[in-house]
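This report covers the strand pairing of the sheet and the helices packed around it. The sequence and structure come first.

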Amino acid sequence: MSGKGAPELSVRNASDLRVAVIAAQWHEKVMDGLVNGALRALHELGIDEPTLIRVPGTFELPVAAKVLAARYDAVVALGVVIRGGTPHFDYVCQGVTNGLTQVAVETGVPVGFGVLTCDDEEQALDRAGIEGSTEDKGHEAVTAAVATAATLRSVSEPWH
């Protein structure tokens with residue numbers, strides 16, 4: 001179910017990585033799909049005991065990611081923002097994107113970006129990994145974060 005142009009990621013030796021998933025609570029059906037896709041991906045990668053925490057909304061993802069990055073090899077942030085009739089959408093999307101990027105760069109811990117920024121609920125459901133969806137962004141965000149964590153570990157191991 002990967003999107004057009006998405007790479008096929010191969011992840012090896014990831015079962016001992018510590019991974020945390022942070023999920024917003026707004027838009028329950030979409031979020032349930034994202035979380036289920038993320039947990040399924042972790043299981044497929046042999047990571048059977050991830051940490052899952054819930055925060056009120058998408059805007060709260062960066063601060064939770066910052067705290068968890070100190071204790072985990074990878075963090076995955078899941079949320080959804082649906083455009084409304086005010087500039088709120090733009091501010092939240094920009095703040096969350098910048099915040100999660102800042103966490104990854106400052107800590108060196110990969111942050112999987114599973115935040116859907118959609119014009120309407122139909123677009124969000126189509127990316128949520130539920131029955132009838134064309135994409136599974138929760139699964140993709142985990143795979144990207146874990147692949148990056150495994151790569152970073154492989155390039156740093158010889159110097160330890």
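## Pairing of β1 and β3

Leu78 in β3 is the bridge partner of Ala23. β1 and β3 pair in the parallel sense, over five bridges; two strands count as paired if DSSP finds at least two bridges between them. Helices (H or I, at least four residues) and strands (E, at least two) are DSSP runs, numbered from the N terminus.

The model is predicted: local features need pLDDT of at least 70 and side-chain atom pairs count only at pLDDT 80 or more, while totals for chains, interfaces and linings use all residues. Residues are numbered from 1 along each chain as its sequence is written, and side-chain values use heavy atoms, with hydrogens and water left out.

## The sheet

The open sheet has four strands in the order β2-β1-β3-β4, with parallel pairing. β2 (51-55) and β4 stand at the edges with a single partner strand each, so one side of each has no neighbour in the sheet. From one strand to the next, the twist averages 15°; axes are lines fitted to C-alpha atoms, for helices over the stretch in contact, and angles run from 0 to 180 degrees between N-to-C directions.

α1 packs on the sheet and touches β1, β2, β3 and β4, its direction making about 160° with that of β3. Contact means heavy atoms within 4.5 Å. Helix α2 (residues 61-69) also packs on the sheet, touching β1, β2, β3 and β4, and its direction makes about 165° with that of β1.

Six of the six residues of β1 are buried, that is, under 20% relative accessible area, with exposed over 50% and partly exposed in between (1.4 Å probe, protein chains only). Val19, Val21 and Ala23 lie on one side, and Ala20, Ile22 and Ala24 on the other.

β1 and β2 run parallel and are joined by five bridges; Ile22 stands opposite Ile53 in β2. The β-α-β crossover from β1 through α1 to β2 is right-handed: with the strands pointing away from the viewer, the path from the first strand over the helix to the second runs clockwise.

β3 and β4 pair in the parallel sense over eight bridges, and Leu78 stands opposite Gly114 in β4. Together with helix α3 (residues 88-107), β3 and β4 make a right-handed β-α-β unit. Six of the eight residues of β4 are buried, so β4 is largely enclosed by the rest of the structure.

Buried residues of α5 include Gly138, Val142, Val146 and Arg153. Their cover includes β1 (19-24), α1 (28-44), β3 (74-82) and β4 (111-118).
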